[in-house]
Amino acid sequence: QFFVFCHGLLQLSQLLVSGYLKSSISTIERRYGLSSQTSGLLASFNEVGNTLLIVFVSYFGSRVHRPRLIGCGAILVSLAGFLMSLPHFITGPYEYDRSVASTFSNTTDLCQPGAPGANLSTASCTPHASRENHEVLLVMFVAQALLGIGGVPIQPFGISYIDDFASERNSPLYLGILFSVTVIGPGVAFMLGSAMLRFYVDIDKVGAAEVQLTNKDPRWVGAWWLGFLVAASLVALSALPYFFFPREMPKEVGEVLHTHTHLSFPVVLLRNLRHPVYLLVVLAQVNISAMVAGLATFMGKFLERQFSLTASLANMIIGAVNIPGAMVGIVVGGAILKRFQMSLRQCSALCVLGMLLCLLGAFPLLFLGCPTQKVAGVTYWDRYHSSAGGHGLGGHSRGGHTPAMGTFLGCHCPEKGFNPVCGSDGVEYTSPCSAGCSSVNIGANSSVLNYTECSCIPGPGLARPGTCGTGCSHLFVPFVVLSCLAGILASTSHTPSFMLILRSIQPEDKSFAVGIQFMLLRVLAWMPGPVLYGSAIDTTCILWERRCDRRAACRYYNNTLFRQRW
């Protein structure tokens, strides 16, 4: 029981390291100019090091001192966590665009007829990848590889160690507790991300008075690196007890401990892969894990863009609602197994029932979405056409180089400026200048109240600082409730599926079978899942580039702040 407690604490800490990266992925993208595809690859790269070793290490599971190897792996995980925070200390302070401001007065961002402007026709469109910080990426990829290597012995050896020395009656409960505690790790990671991203990224380099941004500003970058220091320290502390556990324990309740026969590696591998129950259960887990891996990486980003949430609030929702819901489902599944002493056939039925109910609960999510925000000159063209025609420019050519709307009025807007405002017509503009605003109302604390005399906005011609947000905030609560319910129902199959594996194979193959299982999950689900999700996000940006004005779309696709909104 003490080993179960220690292993739950270690896996919580280990997943705190890997989960924290997912909670701060959009912030790291913004800080270092990464594409979603690159960040997805980074998030899944720890599976590479794990996959290369897990099968071979698991093969020796019953032949080595499992607790000590778990402790050594935990030390590597801790080192990886500290290494993930290193880029903050080897790079300079975060530099954001100070030519515009979302909350403070800045008259240079207004429409200024006659002012010299950039030559829009000759501006180049630099590929986004060239701006990615390759030195930072190298450090992070090395850290992720170490994280994967360190995690190799932790879960397979821990699961097999518990199942070897626990009674057959108590093993499902212990594993259910272990899995539920494990789920808390990502939940705590998202809560930790929510707390750390409230602090400015360079809190250790600049004073608070020098930062004229709030966490709602599109240029805000939170202290993403702080969470890695906290998580790595917890892993190091959790590793210490493992160096004092014995190699073997007395079997619980006096049950006979199975002796292990030594067979060659190929024989054991083929024996497990040819087992129909084992193979089908693992393939089922691959399908759901691929979806979960992508969602875990980009769910926070989806909530930020879909429902206009801050990164901190999105992480809090995931960490306080969705992940605890999954934990509840795992505990319920383990309790049902212990209460009814289910056979393998009944475990299969419970898994099928849980997934069918999950599908029913998740189906309404297909209809809970928001339309794309109208952004003048990028996704919205009606008034763009009329403004162009009204100023004798002969309309708009989607294949040509079209400047911002304010330029039609001779405003000479900054080409790369990103200071979004929401017009009184409900259309979003990339800056007050692009909306043709020539005046501003300033509040008592020098903050912008609104912009006036906006020539591109019909009616009163007013605009307020910030984005327009989404018009479907009323769908946020139903979305969270349904996604949490679907997670609870799906998670009830977690412990029964593991018991199907552990009870259907030969006792001496437990560590090896679990190792093969996690290798297949990594290769077929956890590695490609985040990359495919990230590629889909980036592909959406490219499609917008082709559908909309190529010049405008390319410019905003390369603007990290604006690109994140897609």
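Q: In which helix is the place of T38?
A: T38 is in helix α3; a helix here is a DSSP run of H or I with at least four residues, a strand is a run of E with at least two, and both are numbered from the N terminus. The model is a predicted one, in which local features need pLDDT of at least 70 and side-chain atom pairs count only at pLDDT 80 or more, whereas totals for chains, interfaces and linings use all residues. Residues are numbered from 1 along each chain as its sequence is written, and side-chain values use heavy atoms, with hydrogens and water left out.

Q: Does T38 count as buried or exposed, and on what value?
A: Buried means under 20% relative accessible area, exposed means over 50%, and partly exposed is in between (1.4 Å probe, protein chains only). T38 has 16% relative accessibility, so it counts as buried.

Q: What makes the approach of the T38 and S35 side chains a polar contact?
A: A polar contact is a pair of N or O atoms within 3.5 Å; within protein, one must be able to donate a hydrogen and the other to accept it, and residues adjacent in sequence count only if both atoms are side-chain atoms. The side chains of T38 and S35 make such a contact at 2.9 Å.

Q: Why is the pair of Y20 and F228 called edge-to-face?
A: Rings of Phe, Tyr and Trp (its six-membered ring) pair if their centres lie within 6.5 Å; planes under 30 degrees apart count as stacked, over 60 as edge-to-face and the rest as tilted. The centres of the Y20 and F228 rings are 4.9 Å apart and the planes stand at 85°, so this pair is edge-to-face. Y20 belongs to helix α1 (residues 2–23) and F228 to helix α10 (residues 224–239), so the pair ties together parts that are 208 residues apart in sequence. Both Y20 and F228 are buried.

Q: What type of aromatic pair do F45 and F141 form, and which parts does it tie together?
A: The F45 and F141 pair is edge-to-face, with 4.9 Å from centre to centre and 85° between the planes. F45 lies in the loop between α3 (36–44) and α4 (46–59), and F141 in helix α7 (residues 134–150), so parts 96 residues apart in sequence are tied together.

Q: How are F45 and F141 classed by accessibility?
A: F45 has 25% relative accessibility, so it counts as partly exposed. F141 has a relative accessible area of 17% and is therefore buried.

Q: What makes R339 a charge over the ring of F340?
A: A charge sits over a ring if NZ of Lys or CZ of Arg is within 6 Å of the ring centre and within 35 degrees of the ring normal. The charged end of R339 sits over the F340 ring, 5.2 Å from its centre.

Q: Which residues have the most contacts inside the largest nonpolar core?
A: A nonpolar core is a set of buried Ala, Val, Leu, Ile, Met, Phe, Trp, Tyr and Cys residues joined through side-chain atoms within 4.5 Å. The largest one has 102 residues, and I159, W224 and L303 have the most contacts inside it. Helix α9 (residues 171–196) supplies the largest share of this core, nine residues.

Q: Where is F418 found, and why is F418 called buried?
A: F418 is found in the loop between α16 (405–408) and β1 (421–423). Its relative accessible area is 4%, so F418 is buried.
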